[in-house]
Amino acid sequence: MSAAPPPSSGRELANPPSDGISNLRFSNHSDHLLVSSWDKTVRLYDAGANVLKGEFVHGGPVLDCCFHDDSSGFSACADHTVRRYVFSSGKEDILGRHDAPVRCVEYSYAAGQVITGSWDKTLKCWDPRGASGPDRTLVGTYQQPERVYSLSLVGHHLVVATAGRRVNVYDLRNMSQPEQRRESSLKYQTRCVRCYPNGTGFALSSVEGRVAMEFFDLSEAGQAKKYAFKCHRKSEAGRDTVYPVNAIAFHPIYGTFATGGCDGYVNVWDGNNKKRLYQYSKYPTSIAALSFSRDGRLLAVASSYTFEEGDMPHEPDAIFVRSVNEVEVKPKPKALPTPPP
Amino acid sequence: MTNLPSDQLVQMETTCGSLLYELQVIWDEVGETDAERDKMLLELEQECLEVYRRKVDLANRCRAQLRQAIADAEAQLAAICSAMGERPVHIRQSTQNAGSLKEELKAITPQLEEMQKRKTERWNQFLEVIEQIRKITFEIGPTDYTPAKLVVDESDLSTRKLEELHKQLQCLQKEKSDRLKKVMDHLNSLNLLCDVLGIDFKQTVSDIHPCLDGAEGSKNISNETIQRLASAIEKLREIKLQRMQKLQDLASTMLELWNLMDTPIEEQQLFQNVTLNIAASEDEITEPNTLSIDFLSYVEAEVLRLEQLKASKMKDLVLKKKTELDELRRRTHLVGETNCEAEFAIEAIEAGAIDPSLALEQIEVQISTVKEEAFSRKDILERVEKWLAACEEESWLEEYNRDENRYNAGRGAHLTLKRAEKARALVNKIPAMVDNLAAKITAWEKERGLEFTYDGVRLLSMLEEYTIVRQEKEQERKRQRDQKKLQGQLIAEQEALYGSKPSPSKPQSMKKLPRTSTGVPSRRLSLGGAIMQPPKPDLLHSNKSIRSAKKTDDIDTLSPGRRGLDIAGLPVKKLSFNLVNPPREAETPRKPFAPIVIASNIPSTPTRLTSDETEEENKNNLKTTMAAPPPKTPMTAYIPMQMATTPAPPCLMYEAAATVKAQEAEEYEYSFEERRLALYLTR
C-alpha cells in the first residue's frame, strides 16, 4: 500500500485496454490481474505494482478470461475460440472451439478442467493437460437450453445461467445431466451468476437492479433461506430508475460480496444479515467487472461502459484497484441478540 | 250230376221212364206213326238239350261275373292304394291262390272295404283342411278367393299332400293372426289419437268397417281394412301435428303476452298444461283431449283475450319498453335520439293515430340494436371505467401531495399512505392505459365506420383532451421547477455575496431529493465561481436514455444541476455558520441533505440518514477540500437492503421496463454483449 491516501476510486491502472473491458480477475496466488477486453487483447497486470506485464492479441473481442495458475491462463473469445496462454513464454494456443462466440471460461481446480460456456448453447469441458489441439482436449459437450450468459464454480458445483432466465446446476463429477434445472427467480434477464465461497448457493443478478440469493439445497428449509433484493436503483420523483447489475464478486474471507451496476456504483452487501455494508463513490461509467484479490485486501473495478444503451459516447474504459478496508466488507450482525424462535 | 242225391236221380229217371212208357201207351192208343213218334221224340230231346244249354250258360255267366267282381275289386283296391300313396296290399295272386273264385272274392272284399274306409277317412281329412284353408283365405281376402284353386285332387290323397295342405293352413293361420295383431295395433293407435284429438273412436272405426267397432267378435282383416286403418291413422296424425303446432304457437304467444303484461301467477297456472307442452314432440302429447277442437278454441280464446288486454295496456307497454331502452342506452353511455320522439309516440298512441304494436316493434328493434352495440362496446367501456377511476385517483393523489400534513402519523395514516402508493402506481399506468384505449377505440371506429361516443361526446376527443391537460400540467410543473431553480440560483448568488440564510420556501423542492447523493458532490462547485458546470454528458445521457422517452429533456439537465445547486447551498451555509454563528444553529428547519424520515415499508422511500453524521462529514470535507479535488461523502450509514418479493413493484418499471422491453423486442432476448458484438462486427 502506498503511503499517500489512495484516491476515492482507487488507483487507476496504467495502460488500460483501449476498448471495453469484459472481465478481470485476480490470481489465486498473487496480485496479478488478468483483464480481457473488446480490443481483442488479454492483458496481465501486476496490480500491486501497477505494471502491465503481458498482452496477448486475439482474433476477436475477448469476452472472458481466467487464471489456470499464476503462470498461465485461459480466455474466451468472440471468434469462437478458447485459448490458453503461458505468461512467461508468451506462448498461446487454441484449446478448443465452439460454434458461436464463447462467453464464459472458468477453470475448475477440483476437476482439473477448463469449462467454457458459449452462445452456441453448449457448455464444453476441456482437459488442458492433454496434448493441445481441439480434438484431444475436449472432454465433453453439454447442451444448454439457451445461450450461456454467465457461469460460476465452487467446489464441485457449477452454475450456468443462460438466456431465457434458465439456470442449470451441475455436479462436475457427473456432467451427463444437470443436477438441478431451475429458472431464475428474477423476472428479467440474468446478467451475472456467482457462487458463494462457502459452496451453499449462488447469487444471481439481473438487468433490473435486483439480485437473488439462491441455495443449492432444494429442501424446504434450504429454499426458505432464499431471497432477492433490489439494488443499483435511483429514485426520483416517485419513480425508480433501474440499472443492470453487471458484476458480483465475493470477498474470499468474509463471504460478503460486492455488486457493480450500470449506475457506476459498487455496493458491498452482507448476504446473511441482509444489509448493505458500504457503497463506494461513483465511478465514471458502468461497472463491467469486479474482482477481489486472494486475501481480500484489494478490489479491482472495471469501469467500462457495457453498451446497455447501445452505441453511445462514453467515458474512457478504466481499471481501478482500490484497497479494501475491513469496515467496508466485514459483516455486522444485528446489535441485539435475536430472540429465540 | 253225380252230386245229386242218388235217390233223386233215381226218382227222376223213373219219372222220365214212366213218362216215356206212358207216352208210348198213349201213342199206341192214338196210333201214331213211327215218324210221328220219332219226331216227337226228337223234339223232346231237343227241348231237353235246350234246357241243358240254358243252365250251362247261366253257370258260365255266373262264373264270369265272379271273375269280373274280383278283377273289379282288385282294380279298385289298386286305385285306392295309389291314390292314397300306399303300396297295394293285395297283389293278384293268380298263380298262388289255389282257392276258388268265391274264396278269392271273399278274401279281397274286406281288404277293399278297409281301404275304402281309409280312403274315406283321408278324404275327410283333406276336406277338413281345405275347408279351413278356404275359410281363412276368404277371411284374409274375399276378393282373392277363387274356389277353383282349392279343389282337391282325388288322385293325390297321400299323407305328403296332406302335410302340404297342413303347412299351407298354418301359414294362413299365422298370416291371419299377424293381420289381426296389426289391426289391433292400428285400432289402439287410432284409439289414442282419437282420445287426444277428442274425436269419437267408435264412429271413426265403424266408418272403416262395421265389424271393427264391436269389442268382441271377429275382425275383418283384409288388406283393404288394414290399409284403411293405416290411412285413417295417418290422417289423424297429421291433424294432431297441425293442432299441436297451433297449440304450441298459441302457447308461446301466451307466454310472450304474459311476459309483456306481467300476468299474475294464478292466471298463468290455469294454462300450465298448455305451456308445459310448448316444446313437446309429437309422441309426448298423449293426454286425452289436449288437442281436441274444443280445447284449442279455449286456448285461442284466452290468447285473444290476452291480446285484447295487451292492446289496452299498450300504452303502458310502450312506456315500459322505452324506459328499458333508455336504461340500456345509459348503461352503455350511448345517447339516443331526443326524448321528444318518445313523447310524440305516447300521445299518438293515446290519440289512436299510431298502432301501438308498431311503436312497440320499433322500440323492440331499437332495443336489440342497442344491445348489439352494447356488446361491441363492452370492452372499451370497461377500459374507460378503469381509466376514469385512475384519473380520479390521480386527482386525489395530486390533492394529497399538496397536503402538507400527509406524513403526520395520524390515525389511518398508513392507509392513506398505502392508497397514495397504489395511486402512484396507477398514475404511472395511465399513459399506457390511455394509449391502449385510444388504440382500441380507433380499431373499433375503423371497423364500424362510426365514432365511438361516450354520453354524446366522442371518446377519442375526451382522451385527447385529457392527454393535453396532462401534458400541460407536466409543463406547468416543469416550469415551476425551473422557476424554483432560478430562484435558488439567485438566492445562492445572494448568499455568496451576502451570506444570508436560505429562504424557507425551499422545503418543497427538497423533499424531492434523491436518497443517495454521494456521487454528486464530486460535481460540487468550487465556491469561487458560482457558475454551474454543465453536468457531465455521460451522466446526462445515461439518465436520459435510461428514462427513455418521457418528453422532458429538461428535467435531466435540471436534476443534477439542482442537486448541485442545493448542495452548493450547504457548504456556504456551513461556512458562514462556522465563521459567524455558533454551531448550534446548524439545525436549520430543513437540511438539504437529510432526507425525510419515512416508514421503511414503502419501497421507494429514501433511507434514513443520521443528520449528525452527515453534518460532521460535511464539515470535515469542507475543511480539507476547499480547493482540492472533490471531497468524498461515502455513505457510512448502515442501510438495510430493500427487499421485496419479485416481481418488481409497479413503481419501477416504466423506464427500465421500456429499456428492458426494447431489449426483448421481437420477442427474442439479447444480452448487452451480443448487441455490442453485433455493432462491433458492423464497424
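How far apart do the end C-alpha atoms of residues 245-279 of chain A lie, and what are the helix and strand percentages of the span? Those end atoms are 14 Å apart, and the span is 60% strand and 0% helix. Do keep in mind that this is a predicted model.

**Chain A overall**
- Chain A contains 30 strands and 3 helices.
- Of the 341 residues in chain A, 64% are buried.
- If you take the contacts in chain A between residues at least 6 apart in sequence, 44% of them join residues at least 24 apart.

- In residues 95-127 of chain A, the end C-alpha atoms lie 9 Å apart, and the span is 64% strand and 0% helix.

**A helix pair in chain B**
- Helix α4 (residues 159-197) and helix α5 (residues 201-208) of chain B pack with their axes 9 Å apart, at an angle of about 140 degrees.
- Because of that angle, α4(B) counts as oblique to α5(B).
- On the α4(B) side, the contact is made by Leu187(B), Leu190(B), Asn191(B) and Cys194(B).
- On the α5(B) side, the contributors are Phe201(B), Thr204(B), Val205(B) and Ile208(B).
- The crossing of α4(B) past α5(B) is right-handed.

Methods:
Residues are numbered from 1 along each chain as its sequence is written. Chains are lettered from A and ligands numbered from 1 in the order in which they are written. This is a predicted model: local features need pLDDT of at least 70, side-chain atom pairs count only at pLDDT 80 or more; totals for chains, interfaces and linings use all residues. Side-chain values use heavy atoms; hydrogens and water are left out. Helices (H or I, at least four residues) and strands (E, at least two) are DSSP runs, numbered from the N terminus. Buried means under 20% relative accessible area, exposed over 50%, partly exposed in between (1.4 Å probe, protein chains only). Contact means heavy atoms within 4.5 Å. Axes are lines fitted to C-alpha atoms, for helices over the stretch in contact, and angles run from 0 to 180 degrees between N-to-C directions. Angles under 35 degrees count as roughly parallel, over 145 as roughly antiparallel, 65 to 115 as roughly perpendicular and the rest as oblique. A crossing is left-handed if the near helix is turned anticlockwise from the far one by less than a right angle, and right-handed if clockwise.
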